[in-house]
Amino acid sequence: MRTASVILAEGCEEGEALTIIDILRRCEIDVKATGLGKEEIKGAHDIVIRCDEVLSEESDPDVVILPGGYGGVDAMKESELLRRILTKRNDEGKLIAAICAAPTALETFGLLEGKTYTCYPTVAGECRHGNCVSEKMVSDGNLITAKGPALSYAFAYKIADALGADSLCVKKRMIYFNAFDVKEDE
């Protein structure tokens with residue numbers, strides 16, 4: 001079974017994190033809400049999330065996903081454990097995904113060099129390496145990035161597709177095409 005880990009840190013963007021977790025689970029991906037340093041995380045909007053696990057180097061999912069939220073991203077930037085895990089994953093060409101402000105954590109870890117990516121417009125100036133573009137979503141090698149919270153659905157489906165899941169049936173059940181006025185190939 002395909003596996004995923006969504007990293008949750010204090011101050012994370014709950015809407016992004018929970019949407020991604022929900023959609024990936026609907027796509028039959030074994031996704032874990034993974035706490036950075038602890039099991040209960042309070043998000044940017046004071047929603048407390050009880051995580052499935054706490055981040056450790058023993059975990060090796062098919063994809064590690066970083067949601068945004070300024071406080072959560074700041075906490076991720078300070079985590080040496082997360083830096084080691086993501087650097088190793090990147091060196092091995094394993095899938096990493098980041099949305100909103102989270103690509104700035106990848107910048108801090110030196111993982112955007114030579115990559116094309118997108119991020120939340122107000123933090124784009126923090127990214128000095130690679131090629132930051134204003135696209136809604138970008139895939140470049142082992143990296144998938146999305147611009148902001150409203151793209152959480154599309155971002156989660158993109159990750160599911162990258163893992164070989166059948167997102168089309170989930171999109172149809174969730175009336176994605178009607179709600180977001182997108183074509184079936186998007």
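Strand β2 covers residues 30–35, and two bridges join it to β5. The two strands run parallel. Within this part of the predicted model, Thr34 stands opposite Glu53 of β5.

**The whole sheet**

β2 and β5 belong to an open sheet of seven strands. The order is β5-β2-β1-β6-β7-β11-β10, and the pairing is mixed. Strands β5 (53–54) and β10 (137–140) stand at the edges. Each has a single partner strand, so one side of each is left without a neighbour in the sheet.

Helix α3 takes in residues 80–91. Helix α3 touches β1 (3–8), β6 (63–66) and β7 (95–99). The direction of α3 makes about 130° with that of β6.

**Around β11**

Now move along the order to β11, residues 143–146. Which way do the side chains of this strand point? Leu143 and Thr145 point one way from β11, while Ile144 and Ala146 point the other way. All four residues are buried.

Strand β11 pairs with β7 and with β10. Four bridges join β7 to β11, and these two run parallel. Four bridges also join β10 to β11, but here the strands run antiparallel.

β10 and β11 form a hairpin with two residues between the strands. In this hairpin, Gly141 takes a positive phi near 60°.

Most residues other than glycine have a negative phi. Which residues go against this pattern here? Asp46 has a positive phi near 65° and is not a glycine. Ile175 is not a glycine either, and its phi is positive at about 55°.

Where do they sit? Asp46 lies in the loop between β3 (40–42) and β4 (48–50). Ile175 is found in the loop between α6 (167–173) and α7 (176–180).

Are they buried or exposed? A residue counts as exposed when its relative accessible area is over 50%. Asp46 has 58%, so Asp46 is exposed. Ile175 has 51% relative accessibility, so Ile175 also counts as exposed.

The table sets the two residues side by side.

| Residue | Phi | Loop between | Relative accessible area |
|---|---|---|---|
| Ile175 | about 55° | α6 (167–173) and α7 (176–180) | 51% |

Conventions. Residues numbered from 1 in each chain as written. Predicted model: local features only at pLDDT ≥ 70, side-chain atom pairs only at ≥ 80, totals over all residues. Heavy atoms only, no water. Pairing = 2+ DSSP bridges. Contact = heavy atoms within 4.5 Å. Axes fitted to C-alpha atoms, helices over the stretch in contact; angles between N-to-C directions. Buried < 20%, exposed > 50% of the residue type's maximum accessible area, 1.4 Å probe, protein only.
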